[in-house]
Protein chains: 4
Amino acid sequence: MICIVASTNRAGSRSTIVARAYESVFASLGAESSFLSLEDLTGVMVDAVMSGNREGSGFDALQATVDAADAFLFVIPEYNGSFPGMLKVLVDLLRYPDSFQGKVAALVGISSGTQGSALAMGHFADILNYCGAHTLALRPRLIRIGDAIEGEQLVDEEYLSFVKMQADQLVAFQRAG
Amino acid sequence: MICIVASTNRAGSRSTIVARAYESVFASLGAESSFLSLEDLTGVMVDAVMSGNREGSGFDALQATVDAADAFLFVIPEYNGSFPGMLKVLVDLLRYPDSFQGKVAALVGISSGTQGSALAMGHFADILNYCGAHTLALRPRLIRIGDAIEGEQLVDEEYLSFVKMQADQLVAFQRAG
Amino acid sequence: MICIVASTNRAGSRSTIVARAYESVFASLGAESSFLSLEDLTGVMVDAVMSGNREGSGFDALQATVDAADAFLFVIPEYNGSFPGMLKVLVDLLRYPDSFQGKVAALVGISSGTQGSALAMGHFADILNYCGAHTLALRPRLIRIGDAIEGEQLVDEEYLSFVKMQADQLVAFQRAG
Amino acid sequence: MICIVASTNRAGSRSTIVARAYESVFASLGAESSFLSLEDLTGVMVDAVMSGNREGSGFDALQATVDAADAFLFVIPEYNGSFPGMLKVLVDLLRYPDSFQGKVAALVGISSGTQGSALAMGHFADILNYCGAHTLALRPRLIRIGDAIEGEQLVDEEYLSFVKMQADQLVAFQRAG
C-alpha cells in the first residue's frame with residue numbers, strides 16, 4: 001500500500017491536485033494507494049496537539065492509514081524555505097519508530113516560482129531518514145506549477161512524465177523493500 | 001528588544017528552562033527581552049491554523065511581540081531529526097517578510113542524548129535566511145541537557161558560559177544591526 | 001559489488017579503520033566488496049583536477065571500480081561542519097550520471113568528539129540523491145571514535161553491532177535493487 | 001577588506017564573471033576588496049593537499065589574503081547538488097578557526113538551469129557557521145546565468161540590482177561587525 005500525502009493544510013492546494021495525479025498513475029500501474037490530505041486532517045492534528053495525546057477515533061484512523069502503508073509519496077510545497085510546518089506536526093504526532101521504519105518514501109516538490117522546493121525536500125529527507133525510511137533518489141521539482149495545471153488537473157506533459165517515472169520507481173522500490 | 005523563543009509546545013519543557021537562563025543573562029547585560037513560549041501559544045496558533053486567518057487578539061499580541069523585536073534567540077530541541085513542527089507553524093503564520101527581515105537571530109540546540117540538534121539548527125537557519133534574518137555564527141549544542149538542569153534551573157557551568165558568550169554576541173550584533 | 005569508500009585523504013585515518021571493519025563484515029556475509037581509500041587516491045584525483053580531464057590509467061581504474069559497484073558504503077568524518085572536500089572532488093570528477101544512478105548507498109559518520117557527522121551525512125545524502133542514488137535510512141553516528149579503536153581495529157562492541165546491522169541492510173537493499 | 005571568492009576551479013567560469021561584477025560594485029561603494037579565484041589557486045591548493053602541509057609561498061599568500069579580510073563574498077555554482085568540491089578543499093586547508101571566526105560572509109548562487117544553487121548555499125552556510133562566520137540573510141539565486149552574461153560581462157539589469165543590493169548589505173554588515 002502506497003500512502004500519498006498532500007503535505008499542506010492550505011485549502012484547495014495545488015499539492016492536492018498533483019497528489020491526485022499520482023493516485024491515477026498508481027491505479028494504472030495496479031498499485032494500491034491510500035490518500036492523506038493535510039487539509040482534511042488539520043482538525044484531527046490540532047486536536048491531538050491541543051490535548052497532548054493521540055487518542056480519539058480521528059487520530060486512530062490517521063495512524064492506521066500510515067501503519068497500513070509500506071511506501072509513501074509526499075507532495076511538498078515549499079513554504080518559507082522549508083516544508084509546511086503542519087507536515088512536521090504530523091510526523092511529530094505519529095508513533096515512533098514504527099510509522100516509517102524500514103519503509104520507502106518518495107518526494108516531489110512543487111513551487112509557484114522557480115525555487116523548486118529543493119530545501120524543503122532536503123530537510124524532509126533528513127527527517128524521513130531519522131525516522132528510518134529509505135528515500136528514493138528521484139525528487140522531481142515541479143516549478144511554476146500554476147502553469148502546469150488546468151482546472152483541477154495536472155496537464156503539463158513533461159511533468160506528467162516525471163510523475164509516471166517516479167511512480168514506476170516507487171512501485172519497483174516498494175516491491176523490493 | 002530581543003525576543004526569546006522556547007521552540008516547543010511540550011509542557012514543562014527543558015527548552016523553557018534554558019530560555020529562562022538566557023532571559024537572566026540578557027537582563028544582567030541590560031538588554032531588554034521579551035519571551036515567547038510555544039507551549040503557552042499553542043492555543044493561539046491552533047486557532048489561526050484552524051480559521052485560516054491570523055485575526056484575533058491572541059494572534060495580534062503574538063505578532064506584535066515579534067514586530068517589536070529586532071533580535072531573536074531560539075532555543076530548539078531536536079524532534080525527529082529537525083526542529084519541532086509547531087515552530088515552523090509559527091513561522092508560516094507570521095506576516096512575511098517584515099516579521100524577520102533585516103533582523104538578527106541566534107540559535108541554541110538542546111538534546112537529551114548526544115544528537116545535539118545540529119540538523120534542527122541547520123534546517124531552521126535555512127528558514128530564517130529565507131525570511132531575511134541574519135544568523136549568528138555561534139550555535140551552542142547543549143547535549144545531555146537533563147544532566148545540566150537541577151529543578152527548574154540550568155546549572156551546568158560550561159553550558160552557562162556558552163549562554164553568556166552567545167548572549168554577549170547577540171547583544172553586540174543587535175546594536176550593530 | 002559493494003564499494004566501500006574511506007572518505008578522507010588524511011594519512012592513517014580512523015575512517016580507513018572503520019571501513020576495514022565493514023569489509024570484514026561484508027566478507028562474512030558472502031557479499032563481494034571493493035575498497036577505495038581517498039588517501040591512496042589523492043594523487044590520481046589531483047592529476048585529474050590539474051589536467052582538467054579524467055584520462056589516464058589511474059583515473060580509469062578508479063572510474064572502473066565505481067562502475068562495477070551497484071552499492072556503496074561511505075565512511076565519512078566531519079570536517080568543518082561537512083564532509084571532507086576531497087570526497088566532493090571525487091564526485092565532481094566521476095562520470096555523471098551513470099556512476100551512481102539507480103545504485104544504493106549507505107552512510108556512516110565518525111567523529112572524534114560528539115558532533116557525530118550529522119551535517120556531513122545530511123549534505124552528502126543530498127549529493128547522492130542528486131546523482132541518482134537511493135540512500136539507506138540507517139546512518140550510524142560513531143562519536144568519540146578514538147575510544148572505540150585499539151591499534152588498527154574497531155573494537156567497541158556497540159559500534160560493531162551497528163556496523164553489522166547496517167551491512168545487513170545494505171546487502172538486503174542491494175539484492176532488492 | 002572584503003574578499004571575493006570565485007568558488008570554482010573550472011577555467012573561464014561564469015562565477016568569475018559574476019565575481020568581477022561584485023568587485024566593480026564594491027569599488028563604486030568605496031569598499032576595498034581582494035579577489036580569490038579558485039581557478040588560479042588550483043595549483044597552490046593541490047600542492048598543499050599532496051604535501052599534507054600548508055607551507056610554501058603560494059599558500060602563505062592565499063592564507064594572508066584570507067587573514068586580511070573581515071568580510072567575504074562567495075560566488076557559488078551548484079555542482080552535483082552542492083558546492084564545488086574544491087571550495088571545501090580550500091576551507092579544509094585554511095587555518096582554523098581564525099580564518100573565518102567573527103567575520104561576515106555573503107553567498108550568491110549561480111546556475112545554468114533553474115536549480116539556483118539553494119542546496120549549495122545551504123550546505124556552505126552550515127560550514128561557514130561552523131567556522132564562526134556570520135552569514136548575511138540575502139542569498140541571491142542567479143538562475144539561467146548564461147542568459148544574463150554577454151561577452152565577459154554580467155549585463156542582466158535585475159541581476160545587477162541584486163548584486164548592488166547584496167553588496168550594500170555586506171558593506172553595512174562589515175562596518176557593523
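Trainee: How are H2(C) and H2(D) oriented to each other, roughly parallel or roughly antiparallel?

Mentor: Angles over 145 degrees count as roughly antiparallel. In this predicted model, helix H2 (residues 38-51) of chain C and helix H2 (residues 38-51) of chain D pack at an angle of about 175°, their axes lying 11 Å apart, and H2(C) and H2(D) are therefore roughly antiparallel to each other.

Trainee: Which residues make the contact of H2(C) with H2(D)?

Mentor: H2(C) contributes C:Thr42, C:Gly43, C:Val46, C:Val49 and C:Met50, while H2(D) contributes D:Thr42, D:Gly43, D:Val46, D:Val49 and D:Met50. By class, the residues of this contact divide into 6 nonpolar, 4 polar and no charged.

Trainee: What area do chain B and chain D bury between them?

Mentor: The size of an interface is often given as the accessible area lost when the parts come together. Here chain B and chain D bury about 1,100 Å² between them, with 49% of it on carbon and sulfur atoms. Of the area that chain B buries against chain D, 47% is supplied by B:Asn129, B:His134 and B:Ala137, more than by any other three residues.

Trainee: How many salt bridges does the rule find across the interface of chain B and chain D?

Mentor: The rule finds 2 salt bridges there, one of them between the side chains of D:Asp126 and B:Arg139, at 3.7 Å from N to O. On the side of chain B that touches chain D, the elements giving two or more residues are helix H5 (118-130), strand E5 (134-135) and helix H6 (157-176) of chain B, and the residues of that side divide into 6 nonpolar, 6 polar and 2 charged.

Conventions
Residues are numbered from 1 along each chain as its sequence is written. Chains are lettered from A and ligands numbered from 1 in the order in which they are written. This is a predicted model: local features need pLDDT of at least 70, side-chain atom pairs count only at pLDDT 80 or more; totals for chains, interfaces and linings use all residues. Side-chain values use heavy atoms; hydrogens and water are left out. Buried area is the accessible area (1.4 Å probe) that two parts lose on being put together, summed over both. A salt bridge is a side-chain nitrogen of Lys or Arg within 4 Å of a carboxyl oxygen of Asp or Glu. Helices (H or I, at least four residues) and strands (E, at least two) are DSSP runs, numbered from the N terminus. Ala, Val, Leu, Ile, Met, Phe, Trp, Tyr, Cys and Pro count as nonpolar, Asp, Glu, Lys and Arg as charged, and the others, Gly among them, as polar. Axes are lines fitted to C-alpha atoms, for helices over the stretch in contact, and angles run from 0 to 180 degrees between N-to-C directions. Angles under 35 degrees count as roughly parallel, over 145 as roughly antiparallel, 65 to 115 as roughly perpendicular and the rest as oblique. Contact means heavy atoms within 4.5 Å.
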